[in-house]
Amino acid sequence: MKWITRAKAVTDKVLNSAVILIFAGMTGLIIVLVMLRYFFNTSIPGGNEALRFAFVYTTFLGAAILVGQQQHIAIHLVTKHLPRTAQRIFAALQNWIIIAMHVYLLTLSFRWIAVTGGNMAEELKFPLRFIQIALPIGTILASLYAFANSIEALFDREWRKEIPE
């Protein structure tokens, strides 16, 4: 069990660092774009497009991080009143449903990329598949996190998931 916790911690650090770096880059680029637009009446070609692409990556990486931290949408109206064993089973079931949904989304994303991935970005002139790949990366990471969460819920003796009020 401890290796799962350690693996999640390392993955959390890497993904959080990546998202922070992307957001920092986005913030810097926004400041530069605004200053150029309002003070010099010019812009950086592809700057707005790069911001949109960075936002796509932060969205899918951030979604995976939240699944790992169990901060996804959940309704605990019934489960918070169940015994701890039943809560563990429901937590595992919830994570398996998350995995099933992400596997389905993964298959759809590969079909989508196969059809539209060859299109070129308008200003930056590179294939959109390099941006669209953020979706399968996010779904794979979220599925791995959900799998680890379900193993922890079922087998970790120290599992003490607090059910929010």
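Which residues make up the largest nonpolar core?

Modeller: Happy to, and keep in mind as you look that this is a predicted model. The largest nonpolar core has twelve residues in all: Leu 15, Val 19, Leu 61, Ala 64, Ile 65, Val 67, Ile 98, Ile 99, Leu 141, Ala 142, Tyr 145 and Ala 146. If you want to trace where they come from, the elements giving two or more residues to this core are α1 (2–40), α2 (47–68), α3 and α5. A handy way in is Leu 15: setting aside its neighbours within four places in sequence, Leu 15 is in contact with Leu 61, Ile 65, Leu 141 and Tyr 145. As background, nonpolar side chains tend to be buried together in soluble globular proteins.

Now hop over to the aromatic rings, where α2 turns up again. There are two aromatic pairs by the rule used here. Phe 53 and Phe 126 make an edge-to-face pair, with 5.8 Å centre to centre and 70 degrees between the planes. Phe 53 sits in helix α2 and Phe 126 in the loop between α3 and α4 (129–132), so this pair ties together parts that are 73 residues apart in sequence. Phe 53 counts as buried because its relative accessible area is 12%, while Phe 126, with 23%, is partly exposed. Phe 126 also pairs with Phe 130, this time tilted, at 6.5 Å centre to centre and 45 degrees between the planes. Phe 130 has 48% relative accessibility, so it counts as partly exposed. Put together, the ring pairs link Phe 53, Phe 126 and Phe 130 into a cluster.

Met 101 lies in helix α3, and it belongs to a nonpolar surface patch of about 810 Å², along with Ile 89, Phe 90, Leu 93, Trp 96, Ile 97, Leu 154 and Phe 155. Both α3 (84–116) and α5 (134–155) supply at least two residues of that patch, and α3 gives the most, with six residues.

Definitions and conventions. Residues numbered from 1 in each chain as written. Predicted model: local features only at pLDDT ≥ 70, side-chain atom pairs only at ≥ 80, totals over all residues. Heavy atoms only, no water. Patch = residues over 30% accessible without salt bridge, like charges linked within 9 Å, V, L, I, M, F, W, Y side chains within 5 Å. Areas by Shrake-Rupley, 256 points an atom, 1.4 Å probe, with all protein chains shown as cover. Salt bridge = Lys/Arg side-chain N within 4 Å of Asp/Glu carboxyl O. Helix = DSSP H or I, 4+ residues; strand = E, 2+ residues; numbered from the N terminus. Core = buried A, V, L, I, M, F, W, Y, C linked by side-chain atoms within 4.5 Å. Buried < 20%, exposed > 50% of the residue type's maximum accessible area, 1.4 Å probe, protein only. Contact = heavy atoms within 4.5 Å. Phe/Tyr/Trp six-rings, centres within 6.5 Å; stacked < 30°, edge-to-face > 60°.
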